[in-house]
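Subject: Structure handover

Hello,

Here is the structure I promised to pass on. My notes on it follow below.

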Amino acid sequence: MFFEKTKIPKNPPILLFPGLGASKLLYENKTIYPPPISKYVLNYEDWKRKIIEYDNLTTLDFGNHKSLDVNLPFRRLNIYEEVLREPNIYPMPYDFRLLDNPDYYLSLFERIRIYVESFPEPVLFMCHSTGGLVAHWFLHNQPKKWRNKYVKSVLYINVPFGGVVTVLENCVKDD
């Protein structure tokens with residue numbers, strides 16, 4: 001009944017913008033972040049140095065269901081895995097280290113715009129945590145006419161609209 005009244009398709013395309021640190025970072029097609037628990041525990045300085053110093057890390061493509069990985073220590077549980085089992089959900093990975101770099105985020109926004117326009121119907125944005133800030137910033141840089149044509153709705157979950165400065169500072173501290 002609800003779907004009939006609002007005319008939302010039964011399985012609309014949903015773009016999942018993940019939280020800080022959920023996007024896999026790769027170097028030469030090998031996952032650098034998140035590290036396996038053994039590297040985290042036994043070789044902490046090496047992987048931490050790589051994600052701080054390497055400026056040529058990449059993410060997997062938009063829509064790749066293997067692009068997100070937030071493993072909880074000692075549980076081997078990817079918190080996005082259950083959501084990504086749905087075929088109509090398309091992950092939107094991004095390099096969280098470069099969000100303050102204008103060249104990076106302008107390029108990211110252009111890739112998002114092209115990706116959104118590739119769907120045959122308007123998409124839904126599902127935004128978690130810092131991914132909500134990325135999506136919000138992207139949407140507010142698009143003309144209203146574009147948003148009305150390509151975006152059906154936006155769902156924000158646990159988005160820190162007050163900012164993430166403290167979170168980002170803690171990510172690069174030694175402790």
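The model is predicted, so local features need pLDDT of at least 70 and side-chain atom pairs count only at pLDDT 80 or more, while totals for chains, interfaces and linings use all residues. Residues are numbered from 1 along each chain as its sequence is written, and side-chain values use heavy atoms, with hydrogens and water left out.

**Overview**

The protein chain has 7 helices and 8 strands. Both are DSSP runs numbered from the N terminus: helices are H or I with at least four residues, strands are E with at least two. Of the 175 residues in the chain, 39% are buried. The classes go by relative accessible area: buried is under 20%, exposed is over 50%, and partly exposed lies in between (1.4 Å probe, protein chains only). The accessible surface comes to about 11,000 Å², and carbon and sulfur atoms hold 55% of that. Areas come from the Shrake-Rupley method with a 1.4 Å probe; for residues, only the protein chains shown count as cover.

Contact means heavy atoms within 4.5 Å. Take the contacts between residues at least 6 apart in sequence: 76% of them join residues at least 24 apart.

**Salt bridges**

The whole structure holds 7 salt bridges. Start in helix H4. Glutamate 110 and arginine 113 meet through their side chains at 2.4 Å, N to O. They are 3 residues apart in H4, so about one helical turn separates them. Arginine 113 also bridges to glutamate 117, with the closest N and O atoms 3.0 Å apart. That pair is 4 residues apart in H4, again about one helical turn.

How exposed are these side chains? Glutamate 110 counts as partly exposed because its relative accessibility is 35%. Arginine 113, at 22%, counts as partly exposed. Glutamate 117 is partly exposed too, at 28%.

Now helix H3. Aspartate 46 forms a salt bridge with lysine 50, with 3.3 Å between the closest N and O atoms. Both residues lie in H3, 4 residues apart, about one turn of the helix.

**Nonpolar cores**

A nonpolar core is a set of buried Ala, Val, Leu, Ile, Met, Phe, Trp, Tyr and Cys residues joined through side-chain atoms within 4.5 Å. The largest one has 31 residues. Leu15, Phe17, Ile112, Val116 and Phe125 have the most contacts inside it. The elements giving it two or more residues are strand E1 (14-17), E3, helix H3 (44-53), helix H4 (102-117), strand E7 (123-128), helix H5 (130-139) and helix H6 (144-150). H4 gives the most, with 7 residues.

Phenylalanine 125 is worth a look. Leaving out residues up to four places away in sequence, phenylalanine 125 touches Leu15, Phe17, Val116, Ala135, Phe138, Leu139, Val151, Ser153, Val154 and Leu155. There is also a second, separate core of 9 residues, including Ala22, Tyr80, Leu124 and Met126.

**Hairpin**

Strands E2 (residues 25-27) and E3 (residues 30-33) run antiparallel and are joined by 3 bridges. Two strands pair if DSSP finds at least two bridges between them. Tyrosine 27 stands opposite lysine 30 in E3. The hairpin has 2 residues between the strands, and glutamate 28 takes a positive phi near 50° there.

**Surface and loop**

Ile37, Tyr40, Val41 and Leu42 make a nonpolar surface patch of about 400 Å². Patches are made of residues with over 30% relative accessible area and no salt bridge; like charges are joined within 9 Å, nonpolar side chains (Val, Leu, Ile, Met, Phe, Trp, Tyr) within 5 Å. Valine 41 lies in helix H2 (residues 37-42).

Asparagine 88 sits in the loop between strand E5 (77-78) and strand E6 (89-91). Is asparagine 88 buried or exposed? Asparagine 88 is buried, with a relative accessible area of 12%. Beyond its neighbours within four places in sequence, asparagine 88 contacts Asn11, Pro12, Pro13 and Ile14.

Lysine 149, in helix H6, is exposed at 54% relative accessible area. Lysine 149 and valine 123 are 26 residues apart in sequence and 9.5 Å apart in space, C-alpha to C-alpha.

Best wishes

Definitions and conventions
A salt bridge is a side-chain nitrogen of Lys or Arg within 4 Å of a carboxyl oxygen of Asp or Glu.
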